[in-house]
Structure formats: structure tokens, C-alpha cells
Amino acid sequence: MTMVFTVFSLSSFLILSTFSYGFPAPRSLLRHLSESNEYLTTNELWFNQILDHYSPYDHRQFKQRYYEFLDNFRIPDGPIFLRICGESSCNGIANDYLSVLAKKFGAAVVSLEHRYYGKSTPFKSTKTENLRYLSSKQALFDLAVFRQHYQKSLNLKLNRTNVQNPWFVFGISYPGALSAWFRLKFPHLTCGSLASSAVVLAVYNFTAFDRQIGESAGADCKAALQETTRLVEERLASNRNAVKTLFDAAELEIDGDFLYFLADAAVTAFQYGNPHKLCSPLVEAKKAGEDLVEAYAKYVKEYYIGSFGASVQTYNQKNLKDITVTESSSDRLWWFQVCTEVAFFQVAPSNDSIRSSKVDTRYHLDLCKNLFGEGIYPKVDETNTYYGGTKIAASKIVFTNGSQDPWRHASKQISSPEMPSYIITCHNCGHGTDLRGCPQAPLNLEGDAQKCSSPEAVHKVRQQTIEHIDLWLSECHASGRNYI
């Protein structure tokens, strides 16, 4: 395999060596963050990746994109932080709290784009047959192969052999799960993992998701949301085109797609630390006796679509059936992983629900069949048996979750020996708060937590995380290898 790596000069070594050692939707979980995100680097690098890690006979390869940031790297024995990219295009290394950690620990930061997403596309179309190699299992092997080859490349640059820098793996949401699973499956390749908002438990009917939205909203906002859902359903029955047009979503011909779109718009406010953007205007409208549907439509168009950057096309099954490789392919690709591995079907609970009861199991199964054909369904039990779910039998993994994040119910929330779990409790602590701060759209540079309703809660968890990283990296150094 021919590998392509950057080469940095001896002068770069001398500059870098002066640093001291020390310390991704609602549908796709992490997509649709502001396009104004700042990056540590956007310089694209490439190497040849194996297409099928499980076949000794298939020698096909594809070009996989990655990034490296070396400004803080302490030559020669600084750690290497591997940031996992997930279910969307990986356009660089974001300048969030990981950059603070890299400075503190004198670490290099590398990041590998997930297979099939962004520019790391093995095939020229996303027809179902071509998606057979899109899975978390293959993605984990991608990370392992990349880690080994990057280390070899670094050793060549430093004119040494058989030396291992200490590696530590980071990820948020689905990449958070990959971070935990990487430590589980390849413990000899990393000193430890940070699994932020890590969805390690595949869930078939994820009713806890909607219940958490209700808890996060509070009584008044929850009541307003429930009434809004009821009114929308009534208007769908009487004049569906008019109500869809009100939300600029007339293209969503399937009512389930439209109702999912409306539910996700509410979820986003809590998931990414902006509850006031939704609840304040909606509660005020309800108290004033104003039209709740119009008030909600204003929020959806101005915030969810306008500021947050969501696209109605993401919910259009006609668009999702398009097998052309484009910038919007991520929507279809993630649904394939949902429909084959993890489900996370965000269905309405049997009572006291916020989202429409029409967003049920049948809606999701019909979507999977419509997009990918017969025989496609999520093998949730197989996924949880393979990885362990919340009973993951690994070590040296830090799990972190925000108290208002609905995804935390698919994460490991109870500490166990060698796998501490922390919940950051505050009014606007959502998905990946420990790395991103509050709110997360637009992204806070270096994960600024001052806008979190309880900055001290975020700081406390970050300090605990630092202690674990410091300990586990020290143990790697002491042992002279990457594992204990």
C-alpha cells in the first residue's frame, strides 16, 4: 500500500520541540453546525485505505482523507490525539476544547474522515449494493490501520524504528461511540479514550429520547410544544398543503417526513444548548393566546433553518433515495447505518409525547425499505452483543454527557472501575458540551464554557477528564508502550 503523508522539516522539529509536555443530527447527531466554524487546519491529506478489512481476497482500496495539526506537538515523545470524524463531511480539525488539551499536553492532533462520507468515497454511487462496506466495524479497522501507518510515518521522519508515541482517542456522539469501541477492540493501540455523548447503546424504539425533551423543556414549554403538535396534526387533516407551506416545507409530501422535521426542530434547541430560542417565544405566544403553529413556524424558519442551517431536503425521502455522490449524500449514508446497525428510532412514547404519534416504528421501517429495498433492518441486538452496549467491557474510557441531551440515554451514564462517567448538569448543557461549550451553534472557539448556565459544572468535568488523560498517558510512558 502506498501511503501519502506530509513531511515536515528539521526546522519544524526545532520549533515544535519548544512546547512542554502536559495536558462530530438530531438525525445525524452532529450535522448542521454553523458553517462559520473555525478550524485548526483544513489542509487535506490522503492515504490508501483497505475497502474490506474482513476479506483476505479483496485487495481493493480507496482514498481516505485526513488532517494533522502539529503546532503544539512536543518532539519526539509527545502524545498523538486521534479525533474521530463521524457521519458527515470532515472538513478539518475544529478549534474547540481539544485544542486546549493539545496545548496542555503538547500533543499532535490527527483526524480521519469516516469512510463513505465527505470526500472519502469508495464508489461513484450510493446504491444499496455499494453500501455493504459502510459500518462501524469497518470504520474501526480504518482507524486502526491509519493509526499504525501514521506512527510508522512519524518514526521515519524522526529517523527511528519501533517507537510508539502515546495515543489518545476522542469523539463526540457516534464518533464518541467509535472512540469507546476503538479502546474496546484495539486496546493496544491507544492509552485511553474520551467518549463524549457517546451513543454506545443501539436502541430500536428510542422513546426515552422524546421523554428527555419533555424534561429538558420544563412544564410550560412542554405543554406549548404538545399543543403545537396537536394543532399541526389537525391542520394536516384539513389542509396539509397550507400548513406545510407555512413552514417552507411543502416539498415534504409524506406527512411522516414533515412531522419528523418539526420534531427535530424542537430537539435541536435542547441538544445544542439553545433552549431559550424555542421556549421563550412559544411560551409567550401561548400565554398571549396567539397562534402557536405560526409562532413555531417562525422559530423553525428563523432559527432551525436560518441560523442553525438545517435543510428541509434532509427529511425528503425523494432526496434521500438519490444515489448520486454529492455534498448531501451524508443524509442517505447515515440512514443506511441507522437502518442496518443502530436504529435510534425516535418514536413517540405511548403517552405524554411531544412529537406526533405518527412518527412511529412503522414510519421508520417504511423509510428504510423505501430508501434501501427489502431485507434492510437494524440488527440492534447484534450491535449490542458485539460491543456490549452500556455494559461495554473495556477500560480507560471517560464517558461524558450533558444533562439536557436526549442522546445521553443511549450512552453509559453509570461509572464503573476504569470507566468513569460524568454528567454535566446545567440548563443548556447538551450534546458534547465538554468539548464544545454552550451553545454549540455557532461553535465556541476552544470550547468556551462561559455561556453555559453553570460554567463551573463544565469546568469540574473537564478537570476530572484531564486527570484521567494525564494518568493514562503517564502509564503509557512508564510502560514504554501504548497499553497496560
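1. For burial, the cut-off to keep in mind is under 20% relative accessible area. This is a predicted model, so everything below is about the prediction. C279 comes out at 12% relative accessibility, so it counts as buried.

2. The link is left-handed, at -80 degrees about the S-S bond. It ties together distant parts of the chain: C221 belongs to helix α6 (residues 219-246) and C279 to helix α8 (residues 275-287), 58 residues apart.

3. Now take C438 and C452, whose S to S distance is 2.1 Å. This disulfide is right-handed, because the torsion about its S-S bond is about 90 degrees. Both C438 and C452 sit in the loop between α14 (433-436) and α15 (455-479), 14 residues apart. C438 has 0% relative accessibility and so counts as buried; C452, at 4%, is buried as well.

4. C85 and C90 make another disulfide, S to S 1.9 Å, and both cysteines are buried. The count for the model is 6 disulfides. Numbering the bonded cysteines along the chain, the pattern reads 1-2, 3-12, 4-5, 6-7, 8-9, 10-11.

5. Helix α3 (residues 136-157) passes a quick geometry check: at 1.5 Å a residue, its 22 residues should span 32 Å, and the end C-alpha atoms are 31 Å apart, which agrees. Of those 22 residues, 16 are buried, so the rest of the structure largely encloses α3. After α3 comes N159, with a positive phi near 55 degrees.

Key: Residues numbered from 1 in each chain as written. Predicted model: local features only at pLDDT ≥ 70, side-chain atom pairs only at ≥ 80, totals over all residues. Heavy atoms only, no water. Helix = DSSP H or I, 4+ residues; strand = E, 2+ residues; numbered from the N terminus. Expected span 1.5 Å × (residues − 1). Buried < 20%, exposed > 50% of the residue type's maximum accessible area, 1.4 Å probe, protein only. Disulfide = S-S within 2.5 Å.
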